[in-house]
Amino acid sequence: MEVQVRMRLGRVKHYQHSDNMSLTSRRCGISRRTLSTWLKRYQQQGFSGLLDQSRRPHRCPPTKVTDQVRQWIQALRDRRLGPRRIQSELERHHQVYLSTSTIHTVLRTSSYALLKTTRQAHRKHKRYQKEIPGERVQMDVYKIAPKLYQLTAIDDCTRLKVLRLDPNHTAASTLDFLTHVQAELPFPIQRLQTDRGKEFMAYSVPRRLMELHIKFRPKKTRSPHLNGKVERTQRTDWEEFYSLTDLKSPSLPEQLSQWQSYYNREHQHSSIGQSPWQKLE
């Protein structure tokens, strides 16, 4: 310690002799700011001012992670959500914004292990994405509960999606939903891709699509990965909406509409790095 102090004192003396801060900084290999700091301390405190001082901050702002926020983060992790999804849920339900690094720190200090995912090593799927909004729209039906089905349509390019609840899944409900999708999406539909369920393969559906000049592209059987975007977004609906909602609530359709608006305008999509509406703009 004494050697360092004497070295600093020698540099201060060199400056006092030369009266040239730039020259002293170059000769001693230090910055002008460092030399200025030592000179100021020496003038105010003498030899003791050149000793190492505590770098502890004079004040610490209150932590953003309160006990209540920590409990919310732990509850969301119990649903097997990662830091990015936890960040989104905190902002949506509790109006609390934390960085993903802060959430990761809370999980680590709470002794939560990293999420483990199983991947099929024997089969690699090639990621694809259409370049024009409306060039391909994927549609599917998802059973939520007995006599409660969600009809889902998602654009392949922007990931904008339209949702609707129906007590059954018939060709009539598909045609009604198709009209609803056309009214909701801000661009025309060029192709519609579905599975080969009876609600899509009934004669009235392809005929109506021909009248609307929409190409019908049913995927081959036992190939859910070909309809991967709509399959994955329905999983997100279940994990982030239905798992926290009373399915018997009379306001469920209204809540679903609010969730659709949030997903399209604010939800950060992992594969595109922004919300669907931002992708469209």
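**A tour of the salt bridges**

Select D176 and R164: their side chains meet in a salt bridge, 3.1 Å from N to O. D176 sits in helix α7 (residues 171–184) and R164 in strand β3 (residues 161–166), so this pair ties together parts 12 residues apart in sequence. A salt bridge here is a side-chain nitrogen of Lys or Arg within 4 Å of a carboxyl oxygen of Asp or Glu. Helices (H or I, at least four residues) and strands (E, at least two) are DSSP runs, numbered from the N terminus.

This is a predicted model: local features need pLDDT of at least 70, side-chain atom pairs count only at pLDDT 80 or more, and totals for chains, interfaces and linings use all residues. Residues are numbered from 1 along each chain as its sequence is written, and side-chain values use heavy atoms, with hydrogens and water left out.

Stay on the pair and show its surface. D176 is partly exposed, at 39% relative accessible area. R164 is also partly exposed, at 29%. The cut-offs: buried is under 20% relative accessible area, exposed over 50%, partly exposed in between (1.4 Å probe, protein chains only).

Next, select R8 and D52. Their closest N and O atoms are 2.9 Å apart in a salt bridge. R8 is in helix α1 (residues 2–18), D52 in the loop between α3 (32–45) and α4 (67–77), 44 residues apart. R8 counts as buried at 12%, D52 as partly exposed at 43%.

Now go to helix α5 (residues 83–94), where R92 and E89 are 3 residues apart, about one helical turn. Their salt bridge has its closest N and O atoms at 3.2 Å. E89 is buried, at 0% relative accessibility.

The structure holds 9 salt bridges.
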